Amino acid sequence: MSETGTGVPAPRPGRPPADTPDPAAAAWADYVAAARQLDGVRRAATTAAGEQARSVQAAREELTVVRARLAPQQAQLRQLGVPAISLRPTPPELTEAARSMSAGPAAVLTSLQAARRWADAADDTLAARGLPRLARWPSRPRNLLVYGPLALVVPLIQLLVLLGTGIGPATILALVVGLPMPAVAFMAGWLAVGRLFRPRPADRVDRTPRFGALVCLVPAVATTAGIVLALLAG
C-alpha cells in the first residue's frame with residue numbers, strides 16, 4: 001500500500017523483476033558470441049590451410065626447376081674435372097638445410113628460391129670461362145669482333161685481285177661478285193653473335209643489327225668506290 005492509499009501490484013510468480021537480466025537473453029548473447037568466435041577461428045584455419053597448400057604447390061614446382069638446373073651444372077662440373085665427392089652436400093650442410101626448412105612449406109619455398117638464385121649465379125660463373133666471357137662486354141664493342149672481320153673479307157679479296165691483276169676483267173668480276181657480300185657478311189655475323197655470346201640458352205643477346213649492317217656496309221662501299229675510280233682512271 002502506497003502513501004496515497006493506492007495498492008502496488010506485486011510481481012507475478014515465476015517472472016523476474018524488471019531490473020533483473022533475463023537468463024535466456026544472456027544465454028543467447030553468450031551463444032552468439034561463441035558462434036562468432038568459432039566462425040572466426042574456422043575462417044582463419046581455412047585461410048591458413050589454403051596458404052599452406054599454395055606454398056606446398058609452389059615449393060614442388062620450384063624444386064622441379066632447381067633439379068632441372070642442377071643436373072646439367074653437375075655434368076658440366078664433372079667434365080671440368082671437379083671430383084664427385086665435392087658435388088655432394090656435407091653432413092653439416094644437410095643439418096643446416098634441415099633446420100632452415102623445419103618451419104614449414106613457406107620456409108622450404110624460401111630456401112628453394114635461394115637455391116635457384118645460387119644456380120643462376122653458378123651459370124654466370126661457368127659461362128664466364130673462355131669466349132663467353134665476352135658476353136659481359138658492351139654490346140657494340142663485343143659484336144664488332146664478329147661483324148668487323150666478316151665485313152673485311154671480301155673487300156680485302158677485291159683489293160688483292162686489283163693489285164695482282166690490275167685493271168681488267170678479273171677486277172670487274174670481283175667487283176660484281178662483291179656487291180651482295182655485305183648482306184652475306186651481316187647475316188653470318190648476326191648468327192655468330194647469337195651463338196658465341198649467349199651466357200645461357202634462355203638469354204637473349206643484343207645483336208645490334210643496325211650497327212652490324214653499318215659495319216658490314218662501310219668497307220664494301222669504300223672498296224667498291226675505290227675500284228670504280230680506278231676503272232674510270234684506267
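**Briefing: Arg207, the α6–α7 loop and the helices around it**

Arg207 sits in the loop that links α6 (181-196) to α7 (209-233); helices here are DSSP runs of H or I with at least four residues, strands are E runs of at least two, and both are numbered from the N terminus. Keep in mind that this is a predicted model: local features need pLDDT of at least 70, side-chain atom pairs count only at pLDDT 80 or more, and totals for chains, interfaces and linings use all residues. Residues are numbered from 1 along each chain as its sequence is written, and side-chain values use heavy atoms, with hydrogens and water left out.

**The chain overall**
- The chain has seven helices and zero strands, and from the N terminus its elements read α-α-α-α-α-α-α.
- Of the 234 residues in the chain, 21% are buried; buried means under 20% relative accessible area, exposed means over 50%, and partly exposed is in between (1.4 Å probe, protein chains only).

- Arg207 is buried but has no salt bridge, which would take a side-chain nitrogen of Lys or Arg within 4 Å of a carboxyl oxygen of Asp or Glu.
- The nearest side chain of opposite charge to Arg207 is Asp206, 8.3 Å away; for charge, Lys and Arg count as positive and Asp and Glu as negative, while His and the chain ends are not counted.
- A polar atom of the Arg207 side chain does lie 2.9 Å from the backbone oxygen of Trp190.
- Thr208 is in this loop too, and it has a positive phi of about 40 degrees although it is not a glycine.
- For background, most residues other than glycine have a negative phi.
- Thr208 counts as buried because its relative accessible area is 8%.

**Helix α4**
- α4 (residues 139-165) has 27 residues and reaches 40 Å from first C-alpha to last, close to the 39 Å expected at 1.5 Å a residue; the expected span is 1.5 Å times one less than the number of residues.
- At Leu145, α4 bends by about 35 degrees, and Pro149 follows within four residues; the bend is the angle between axes fitted to the seven residues ending there and the seven starting there.
- Buried residues of α4 include Arg142, Asn143, Tyr147, Pro155 and Gln158.
- Leu150 also belongs to α4, but counts as partly exposed because its relative accessibility is 31%.
- Leu150 and Phe186 are 36 residues apart in sequence, yet 7.8 Å apart in space, C-alpha to C-alpha.
- Just after α4, Gly166 takes a positive phi of about 75 degrees.

**Helix α7**
- The 25 residues of α7 should span 36 Å at 1.5 Å a residue, and the end C-alpha atoms are 36 Å apart, so the two agree.
- Among the buried residues of α7 are Phe211, Cys216, Pro219 and Thr224.
- Ala220 is in α7, and at 11% relative accessibility it counts as buried.
- Ala220 and Pro155 are 65 residues apart in sequence and 5.8 Å apart in space, C-alpha to C-alpha.

- An unreviewed UniProt entry annotates residues 144-164, 170-193 and 214-233 as "transmembrane region"; positions follow the numbering used here, feature names are shortened, and annotations may be inferred rather than shown by experiment.
- In the model, residues 144-164 are 100% helix and 0% strand, with end C-alpha atoms 29 Å apart.
- Residues 214-233 are 100% helix and 0% strand, and their end C-alpha atoms lie 28 Å apart.

Note on methods: Polar contact = N/O pair within 3.5 Å; in protein donor to acceptor, adjacent residues only side chain to side chain.
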